[in-house]
Amino acid sequence: MGSELKDVRLSVIDERIKSVKNVIAVSSGKGGVGKSLVASALSLTLARRGYRVGLFDIDFTSPSTHIILDVGESRPIEDRGIVPPKIHGISYMSITYYSEDKPTPLRGVDFSNALIELMAITRWGDLDFLVVDMPPGISDATLDIIRLIKRSKFLIVTTPSKLAFETVKKLIKLLSDLRVEIIGIVENMKIRKSDFIKLNAEELGIRYLGGINFDENLEDALGDVGRFSKTQFFRGIEEIAEELLKALASRA
Amino acid sequence: MISTVIKVLKSEGLEKILEIGVGIGELQDIDLETFKFALMQLRPDYLKDAEFKFKIVKTRLRCRVCGHEWSPRRDELDEGVREAIHFIPEISHAYLKCPRCGSIDFDIIDGRGVWLEYVRGKR
């Protein structure tokens, strides 16, 4: 018997996400570019527009979305699997429900196994969007999401720096070679006027969804969704969400 | 599990399944009676004569730093932690340490997962 046949969890994963219309993997090259903030704000924005949204934080070793959204004492409910709790209108899942604040270093195969387990037991139900907050870099999570959710679409986050974009180019090449859809690129933490990212992205055939200026008020808004929603950053994401919805509609 | 058995039935051209061997890793902390009950409820009619045989595999961990191998005791963890590990065995890296050198860098060599060991049937 092949090992695919023997791993019963993989057949369950398809079941668990079959009623999710769009899976958006928020990814980057380097870390610290604002993926978790983009994923969180995007999820909130889409939920406010009336979409059914899930947010899945799979940055298992450095999770942040639970802090941004202040998930408090929420817990998943155990009912023929685990049902993600609703946080500010979003169905939310994070490894922190199981690892709490303990460091959880995971080697490659351990990361994959943890992801497969969590995906096999989480009941997402009917969603318009499942936003996946990816860990930084191009590694196990990227490969796993591509193989486990074949119809996932990637949203790439970068800063204006050519250092960040260097790894983004590699990510774009990998995804393109594997024929994985890239919805577009978001340029975060802009500190000056520059078209460097926009021009280079478009040259690679990637839609530039928008740029967001560095927002010094963002740090104090973390953990306070009301305040977070009033930041310039959040307003920037609202505009980007508009572009994202247009991009998705044009490909439908 | 059941759908995997069905896939095997079809791919091997079996007419009837006689026995289904299920491996259960101890780390998964599965309640055997509940699991048996669930399998009985979920199986389709044409599998109702198949006998389930369960094999529990003990948890074995090997420290990557000092090479020590050990089997953690169930009672060394509280219920909340055991439950977390039951859902995601890799979470054991957050709660268990090598008893010899204290490292959390270990391999789970045995005892994780639930898998189809074998299917015995008739063509």
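1. Contacts within chain B. Of the contacts in chain B with a separation of 6 or more, 81% are between residues 24 or more positions apart, where two residues are in contact if their C-beta atoms, placed from the backbone, lie within 7 Å. The model is a predicted one, in which local features need a pLDDT of at least 70 and side-chain atom pairs count only at pLDDT 80 or more, while totals for chains, interfaces and linings use all residues. Residues are numbered from 1 along each chain as its sequence is written, and chains are lettered from A and ligands numbered from 1 in the order in which they are written.

2. Confidence in chain A. The average pLDDT of chain A is 94, and 97% of the residues score at least 70; pLDDT is the predictor's confidence in each residue, from 0 to 100. Residues 1–6 of chain A, however, have a pLDDT below 50, and this stretch has 8 contacts in the model beyond near neighbours in sequence. Where pLDDT is low, the predicted coordinates should not be read in detail.

3. Overall form of chain B. Chain B has a radius of gyration of 18 Å, whereas a compact globule of 123 residues would have one near 14 Å; the radius is taken over C-alpha atoms, and the globule rule is 2.2 Å times the number of residues to the power 0.38. The C-alpha trace of chain B spans about 55 × 25 × 15 Å along its principal axes. Of the 123 residues in chain B, 27% are buried, a residue being buried if 20 or more other C-beta atoms, placed from the backbone, lie within 10 Å of its own, exposed if 12 or fewer do, and partly exposed in between.

4. Elements and sheet of chain B. Chain B contains 4 helices and 6 strands, which follow one another from the N terminus as α-β-α-β-β-β-α-α-β-β; helices (H or I, at least four residues) and strands (E, at least two) are DSSP runs, numbered from the N terminus. An open sheet of 3 strands in chain B has the order β4-β3-β5 with antiparallel pairing, and two strands pair if DSSP finds at least two bridges between them. Because β4 (69–70) and β5 (106–110) of chain B stand at the edges with a single partner strand each, one side of each is left without a neighbour in the sheet. Strand β3 (residues 60–63) of chain B is joined to β5(B) by 4 bridges, and Leu61(B) stands opposite Ile108(B) in β5(B).

5. Parallel strands in chain A. Strand β1 (residues 20–28) of chain A runs parallel to strand β7 (residues 127–133) of chain A, with 6 bridges joining them, and Ala25(A) stands opposite Val132(A) in β7(A). Strand β1(A) is also joined by 5 bridges to strand β8 (residues 153–158) of chain A, again in parallel, and here Ser28(A) stands opposite Val157(A).

6. Nonpolar cores. Which residues have the most contacts inside the largest nonpolar core? They are Ile24(A), Val26(A), Val38(A), Val131(A) and Val132(A), in a core of 87 residues; a nonpolar core is a set of buried Ala, Val, Leu, Ile, Met, Phe, Trp, Tyr and Cys residues joined through C-beta atoms within 7 Å. Leaving aside neighbours within four places in sequence, the contacts of Val38(A) are Val26(A), Val157(A), Val186(A), Asn188(A) and Ile237(A).

7. Where the chains meet. In the interface, 19 residues of chain A are in contact with 18 residues of chain B. On the side of chain A that touches chain B, α1 (3–6), α2 (8–16), α5 (96–99) and α6 (108–121) of chain A each supply at least two residues, and the largest share, 6 residues, comes from α6(A).

8. Individual residues. Tyr92(A) lies in strand β6 (residues 90–94) of chain A and counts as buried, because it has 24 C-beta neighbours inside 10 Å. Gln41(B), in helix α2 (residues 32–42) of chain B, has 7 such neighbours inside 10 Å and so counts as exposed. His88(A) is found in the loop between β5 (86–87) and β6 of chain A, and its phi is near 50°, a positive value in a residue other than glycine.
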